[in-house]
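Please look over the sequence and the model, then read on.

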Amino acid sequence: MDRVDDVVEHKKNDYHQAVEHDVLSAMKKPGIVYYVALLITGSCFALGMGLWLYQILVGMGVSGLNNPVGWGVYITNFVFWVGIAHSGTLISAVLYLFRARFRSSINRAAEAMTVFAVMTAGLFPLIHLGRSWFFFWLFPYPNERLLWVNFRSPLMWDVFAVGTYFTVSSVFFYVGMIPDFAIAKRFHNGARKWVYSFLSLGWKGTFQQWKHYGKLYMFLAAFATPLVVSVHSVVSWDFAMSILPGWHTTIFAPYFVAGAIFSGTAMVITLVVPMRKIFGLERHITIDHFESLAKIILVTSIIVGYSYLVEFCLAMYSGNVFEADAFINRAVGPYRLWYWMMVSCNAIIPLTLFVRKWRRSLAFLYVLSIFVNIGMWLERFVIIVTSLSKDFDPYSWGLYKPSLVEAGITLGSFGFFLTLFLLFAKFLPVVAISELKEVADE
Amino acid sequence: MKDQHLSPRNLIVLFIVFGMVIAVLETFVNQTSDGTLLLTLTFWTMLVQGAVSLAAVGETAKGLWLIPIKRELLCLYPLLLFMALLYLLMGMRMDIYPWTAHPNAWLNARFFIVRNFVVMMLAFWVAHLLARSVMRGDPKKNTYAVLYILLFVTSQSLVAFDWIMSLEYPWISTLFGGHFFIQSFLMGLLFSAVVIFFRTRVGVTGLTETLRDTGKMMFGFSFMWGGFLFAQYLTIWYGNIPEEVSFILKRVDPAPYWGLSRLALALIFAIPFLALLSRKLKTMPAGMLFVVLSSVVGLFIEKIILITPVVPVNPVVVGIEFFAMIVLVTLVFRTRDSFMPQLVTDPGGVGSVRAPSG
């Protein structure tokens, strides 16, 4: 019996060392491919920043925004990136509470994605403001004119919801990394060792430390879970609180939450598939993990499809000509191509994941995740633009076409997000080492 | 008390007898209070479909915590047939819907009865296949579970949109369907807590973990119920469109709805929320029963609030019909050995653990 225990213990130690080795190897000096990728994403980001500067200097006229379509690609991007931010907390917090072990291999990348996506999302209200330097008017601070922000405006709710979400997600991301910083410092020298040592907050891995750490992590998970729901609910209410046809609908809150988890999970696949290959993490991020993510995509896709169907059918059912026309306009109006692409990418193509073989094919999943990302961006675009371009009064109807400046700034946002992710992959442990060890021990 | 045996044929006879009782009540006793049957149907369909859906979700999500009570949840599936047959009585109550005066392609009496009946019958048939495959450890059980969940969502959405929402046609709330299937699922969880309570009373042990997990799920779903209610209320309140807010005002402002609406909110959301924060209470069958009673009474009051401002109900007939349903559920539950095979050993499958007897 002792001999069997020895063998098991030996295997565990081997696995622990392998995890440390594999994950920390990803933090070594990068190769040319990494630098090329960083150059491309950094250039996109620089282009976006340059175009934003151009917009500030020339004015909002360089965008395609007009009257009546005062919200366009910028708000689409804001909602899209907030949505992307959702799966991080889902995978980290919600699945942690549900004791879903598959999260351990991908939670770090998902959490990083959350923080970076919220940062990217936060840029767009500033870009959309036009006079971005007055952004502080959004905060309720005491001033000599005794003016307060309009607390009844859902846009104000956004400031608080997204701000809280960013704070909690960042803390959650950081707390999860503390034991790994302590491991990383053992494998580095010089400035990096000092930085990891500082960030590990004197972590020794004692029983007491683990006990308190476990409690804190559980508390943060429980605190972050309602936030997942509240943030995108509030974002959805930016639209639902108005009385515009196509926007004023009660299903928006859960539908946006499901859509956010849907797109966020797809983005996790988009990022983790190449990361796994490049850093040789196949042993720790397995096909089973991707299959579990595929199941989340499938379930949320069905919820999103259900919402499309219910919205459309009830608009017809109600007999309200404005509501009915808003949805008919989406399907056969000037934006029909985008609408049907959205339906196909979000509600039809993901149904292929009912087939187990495809759920377990990385190539298929990767392509599908890109379709979902495109579909979910289009969903926000269709919701925003179709309702604004054709509301009640034919006199105020008008079409919107995004300008090249808006397209460039959108590209820049992807550049910003991917640059941050690439830097994360080199400077921080991309997989939660301590959690993988814990799962292996169980 | 020893469990009785009831053959499938006798079960059908039992359904016919109970169905006849309710039909006689509705035809001869309750001729003016048209909402009574709708109230009975809505409440009990929610419970039965919810219990089976919980087992189906547990099957697809590989929920280990559900194994000890999976058989008890699934054993309610024959009642899906009873509810479908009982629903046919709604044919004589169609005048409660305002749209019958101006029928259209979707809202016309014949299609209304047919589509709901077909979906309910399909749900029954798939639930039957699911129960059989789970008990036998058949690999097809996942397929049936997924199919059942889709039918459950469809059926509960129709209950919401067709049965209840169309009472106030053309008022709409797109989240009404979601609100209904969430609370149906909650009813399934409440039923599991009751099952655990009674099984613990007859000496079955080892259910503490299942009870705790049931409590956690009840906490989550009562919270979700509150969230869905808030999402609807806030949107309608903020929009302040007269044809939308009138639905709400009618149900929260005049007596007795002023008190009832607040009571329902307290019973379904506030009390379970506060009570289920306690870790200890989630392991106490009696404490959990208190939360169950609070939620069930709250959900019943909610249905009263939804239905009675439009159509009246007869409290005596409601009492008799609910008593009949309680007897029927108890009979089906106690005789489950007659139509539910025991779980078979199926290594690797979630439903492979033999449920404790008792």
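Asn240(B) sits in the loop between helix H8 (208-239) and H9 of chain B. The model is predicted. Asn240(B) has a phi near 55 degrees, a positive value in a residue other than glycine. Is Asn240(B) buried or exposed? Asn240(B) counts as exposed, at 55% relative accessibility.

Leu201(A) is not a glycine, yet its phi is positive, at about 55 degrees. Leu201(A) belongs to the loop between helix H7 (190-199) and helix H8 (207-240) of chain A. Its relative accessible area is 57%, so Leu201(A) is exposed. Most residues other than glycine have a negative phi, and most peptide bonds are trans.

## Cis peptide bonds

Now the peptide bonds. The one from Asn67(A) to Pro68(A) is cis, with omega near 25 degrees. Pro68(A) is in the loop between H2 and helix H3 (73-84) of chain A.

In chain B, the bond from Tyr169(B) to Pro170(B) is cis, and its omega is near 10 degrees. Pro170(B) lies in the loop between H6 and H7 of chain B.

## Salt bridges

How many salt bridges are there over all chains? The count comes to 23. One of them pairs Arg359(A) with Glu291(A), whose closest N and O atoms are 3.2 Å apart. Arg359(A) lies in helix H13 (residues 356-359) and Glu291(A) in helix H10 (residues 287-318) of chain A, so this pair ties together parts that are 68 residues apart in sequence. Arg359(A) counts as buried at 11% relative accessibility. Glu291(A) counts as buried at 7%.

Glu379(A) and Arg380(A) also meet through their side chains in a salt bridge, at 3.8 Å from N to O. Glu379(A) is buried, at 1% relative accessibility. Arg380(A) is buried too, at 3%. In chain B, Glu168(B) bridges to Lys250(B), with the closest N and O atoms 3.0 Å apart. Glu168(B) is in the loop between helix H6 (141-164) and helix H7 (176-201), while Lys250(B) is in helix H9 (residues 242-252), so the pair ties together parts that are 82 residues apart in sequence. Glu168(B) is buried, with a relative accessible area of 15%. Lys250(B) counts as partly exposed at 34%. Some bridges share partners: Asp288(A), Glu291(A), Arg356(A), Arg359(A) and Arg360(A) are joined into one network.

## Helices side by side

Two packed helices are described by the angle between their axes and the distance between the axes. In chain B, helix H4 (residues 78-87) and helix H5 (residues 109-136) pack at an angle of about 170 degrees. Their axes are 8 Å apart. H4(B) and H5(B) are therefore roughly antiparallel to each other.

Which residues meet here? From H4(B) come Pro78(B), Leu80(B) and Leu81(B), among others. The H5(B) side includes Phe112(B), Ile113(B) and Asn116(B).

## A buried arginine and a surface patch

Arg108(A) lies in helix H5 (residues 107-129) of chain A. Its relative accessibility is 1%, so Arg108(A) counts as buried. Residues that Arg108(A) touches include Phe173(A), Asp180(A), Phe424(A) and Pro429(A).

Ile32(A) is part of helix H2 (residues 32-58) of chain A. With a relative accessible area of 65%, Ile32(A) is exposed.

Methods: Residues numbered from 1 in each chain as written. Chains lettered and ligands numbered in written order. Predicted model: local features only at pLDDT ≥ 70, side-chain atom pairs only at ≥ 80, totals over all residues. Heavy atoms only, no water. Helix = DSSP H or I, 4+ residues; strand = E, 2+ residues; numbered from the N terminus. Buried < 20%, exposed > 50% of the residue type's maximum accessible area, 1.4 Å probe, protein only. Axes fitted to C-alpha atoms, helices over the stretch in contact; angles between N-to-C directions. Parallel < 35°, antiparallel > 145°, perpendicular 65-115°, else oblique. Contact = heavy atoms within 4.5 Å. Salt bridge = Lys/Arg side-chain N within 4 Å of Asp/Glu carboxyl O. Lists of a residue's contacts leave out its neighbours within four places in sequence.
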